[in-house]
Amino acid sequence: MKPFNNGDFFKFSTVIKIAGFVFVSLAFFYFGKHWSDGSQQFVFFNSRQYKTPTVSLSLNFNKSFDLSTLINDTTQSQAESDQTLPLNPQPSDPELLPPPPPEVKRFGIVDENGTMADDFEVGDFDPDVVENWGSGNEAEVVDGGGGAARVVVKKFGLCPVSMKEYIPCLDNAEAIRRLNSTEKGERFERHCPKKGQGLKCLVPAPKGYRAPIPWPRSRDEVWFSNVPHARLVEDKGGQNWISISKDKFKFPGGGTQFIHGADQYLDQISKMVPDIEFGQHTRVVLDVGCGVASFGAYLISRNVLTMSVAPKDVHENQIQFALERGVPAMVSAFATRRLLYPSQAFDLIHCSRCRINWTRDDGILLLEVNRMLRAGGYFAWAAQPVYKHEVALEEQWEEMVNLTSRLCWNLVKKEGYIAIWQKPLNNSCYLSREAGTRPPLCDADDDPDNVWYVDLKACISPLPEDGAGANVTRWPARLNNPPERLQSIQMDAYISRKELFRAESKYWSEIIGSYVRALHWKKFKLRNVLDMRAGFGGFAAALIENQLDCWVLNVVPVSGPNTLPVIYDRGLLGVMHDWCEPFDTYPRTYDLLHASGLFSIERRRCNISIIMLEMDRILRPGGRVYIRDSLSVMDELQELGKAMGWHVSMRDTSEGPHASYRILTCDKRLLK
């Protein structure tokens with residue numbers, strides 16, 4: 001007998017391994033065949049080299065095989081197999097062909113390997129049309145804790161269709177009827193509903209409402225169905241304001257005094273007074289009696305922000321057209337109260353056939369212009385008294401020249417139908433006037449920045465002795481330079497105001513930068529944006545720095561410090577408001593509403609459902625809401641958002657899940 005050497009041992013071990021492998025393979029085939037049925041088939045995963053894992057069904061799906069035959073046939077040569085199998089095998093029955101897998105879109109921050117990714121995609125919000133929403137409110141009583149019960153609104157119903165353009169404080173017919181006089185335009189001012197009589201339903205969109213045409217196309221055309229009013233076309237079509245073409249309104253860019261187009265008109269102003277320098281020296285403009293806001297619309301391309309204002313009068317939809325075009329605008333009137341803008345807000349104030357009698361009541365309306373006009377700023381007046389030689393019109397011109405000289409304004413240029421004055425840089429002219437000259441200087445205790453329900457005053461607001469307001473830097477440097485008027489803000493501060501200013505700017509710059517990177521904000525069709533508690537305007541400044549093509553109206557609530565002078569010194573737009581009352585704008589105005597720390601403050605003053613219903617009124621269907629606030633208000637805000645038909649989602653802040661603040665994101669749907 002031959003001895004059993006090491007070589008034989010290794011040969012024997014190899015045979016055992018091969019036999020074991022064959023046995024295990026056969027066992028897998030047997031058990032797989034035994035436990036497979038119609039609902040469980042073999043599946044094969046593709047290689048992990050692909051970026052996104054996919055799953056494919058076996059080509060043997062729904063086929064039956066004899067396992068022993070398959071095993072015996074393994075001895076056939078590879079050549080025979082190549083001859084019998086087609087290059088692209090297909091099931092014999094076309095109906096058995098599995099459907100192609102859907103295109104995989106990535107929505108997560110974490111990829112398949114568990115690592116953070118910056119290139120994930122966020123889908124656009126589709127403003128779902130919710131049919132048969134209904135007009136009645138639904139509520140229920142729930143346990144409010146501590147044995148107390150509270151009423152929770154489960155659903156707010158739709159308002160009547162007649163309210164589709166409802167502005168609560170300007171459409172209060174009962175309050176307007178009770179006015180003692182309307183001769184000075186009192187009926188165009190705010191007359192809000194009494195407490196408890198405000199909006200309790202959702203303002204509906206007009207029939208056929210469509211997602212607005214995006215900027216910059218919207219400058220020249222908007223959907224007829226979104227603002228279905230042809231009155232302006234009938235009244236102003238011959239002046240190149242507006243026309244109708246099929247299902248759209250078209251805006252040729254003209255106006256009553258510039259029928260050949262706003263661009264040519266702006267060029268003329270620039271040639272008359274080169275120091276105006278649109279987009280550098282002149283950054284923020286007020287257009288009074290704006291029409292459809294073509295003046296402001298064409299200034300945007302020159303890096304100028306224009307607040308276009310007009311009353312809700314016989315041409316009541318002109319501001320609605322402006323906002324639908326994507327141009328900054330508010331419903332506002334020169335009547336008996338101060339406008340809601342601070343002193344020295346605007347670098348230029350423009351009036352082209354604005355139908356305002358500037359010299360009435362000792363020039364009280366032009367004195368309001370003087371209050372809002374920045375030291376060294378310009379007032380441009382294009383009107384018939386400037387160029388027509390009729391007796392009555394020449395008298396109006398003389399009255400205007402006399403009044404402006406007593407205001408120490410300098411008539412810089414009069415050419416054609418335009419006259420341009422400049423406001424003085426300091427008080428020296430005011431102080432050198434003869435005693436008893438009217439109008440007088442305002443009392444020392446008068447705050448020219450106090451504007452909320454403050455009556456007009458027939459006096460000249462003196463300029464700050466330190467030159468604050470007159471010494472702002474040129475655009476764009478002024479956006480991030482702490483202005484001198486920062487020191488005049490009445491607020492509790494334990495560190496310098498300049499440090500607070502820079503800290504706020506950095507804070508919002510980082511947050512908006514993260515929104516742009518992670519949430520792809522540049523893909524959003526943002527144009528009209530409202531910051532409901534603006535502070536120093538850091539949120540708006542961050543949007544500009546991140547090159548989002550939108551404009552922001554910075555709201556300064558009456559419940560906090562008045563930072564409006566700082567906002568305007570930065571070259572931004574802003575307005576004073578009390579969020580316990582409705583806002584002076586049309587429904588469906590804004591694409592984005594941003595509220596940081598607003599509700600935790602205002603809940604002490606009024607029911608926050610009032611604010612949320614107002615937000616729904618002014619937000620466009622498909623628009624977004626971002627609320628950053630404390631946990632104490634988030635549950636109620638979520639309930640209200642759902643009751644209004646919004647799609648709501650709670651997010652952590654960058655500080656993580658244990659922070660005391662959260663972010664509530666909401667998307668408004670189109671309700672019917």
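**Surface patches and salt bridges**

Ile18, Phe21, Val22 and Leu26 make a nonpolar patch of about 400 Å². Keep in mind that this is a predicted model. Phenylalanine 21 lies in helix α1, residues 6–35. Its relative accessibility is 62%, so phenylalanine 21 counts as exposed.

Next, charge. A negative patch on the surface brings together Glu390, Glu394, Glu395, Glu398 and Glu399. Take glutamate 399. Helix α11, residues 391–406, holds this residue. Glutamate 399 counts as partly exposed, because its relative accessibility is 44%.

Now a residue from helix α18, residues 631–643: glutamine 638. Glutamine 638 is buried, at 18% relative accessible area. What does glutamine 638 touch, leaving out residues up to four places away in sequence? The contacts are Val648, Met650 and Leu664.

On to salt bridges. The structure has 31 of them. Arginine 217 pairs with glutamate 221, with 3.2 Å between the closest N and O atoms. Are these two partners buried or exposed? Arginine 217 is partly exposed, at 44% relative accessibility. Glutamate 221 is buried, at 12%. Arginine 219 and aspartate 220 also form a salt bridge, 3.1 Å from N to O. Aspartate 220 comes out as partly exposed, with 29% relative accessibility.

Last stop, helix α9, residues 360–372. Arginine 371 and glutamate 368 both sit there, three residues apart, about one turn of the helix. Their side chains form a salt bridge, N to O 2.8 Å. Both arginine 371 and glutamate 368 are buried. Elsewhere, salt bridges with shared partners link Asp347, Arg374, Arg478, Arg485 and Asp569 into one network.

Technical notes
Residues numbered from 1 in each chain as written. Predicted model: local features only at pLDDT ≥ 70, side-chain atom pairs only at ≥ 80, totals over all residues. Heavy atoms only, no water. Patch = residues over 30% accessible without salt bridge, like charges linked within 9 Å, V, L, I, M, F, W, Y side chains within 5 Å. Areas by Shrake-Rupley, 256 points an atom, 1.4 Å probe, with all protein chains shown as cover. Salt bridge = Lys/Arg side-chain N within 4 Å of Asp/Glu carboxyl O. Helix = DSSP H or I, 4+ residues; strand = E, 2+ residues; numbered from the N terminus. Buried < 20%, exposed > 50% of the residue type's maximum accessible area, 1.4 Å probe, protein only. Lys, Arg positive; Asp, Glu negative; His and termini not counted. Charge placed at Lys NZ, Arg CZ, Asp CG, Glu CD. Contact = heavy atoms within 4.5 Å.
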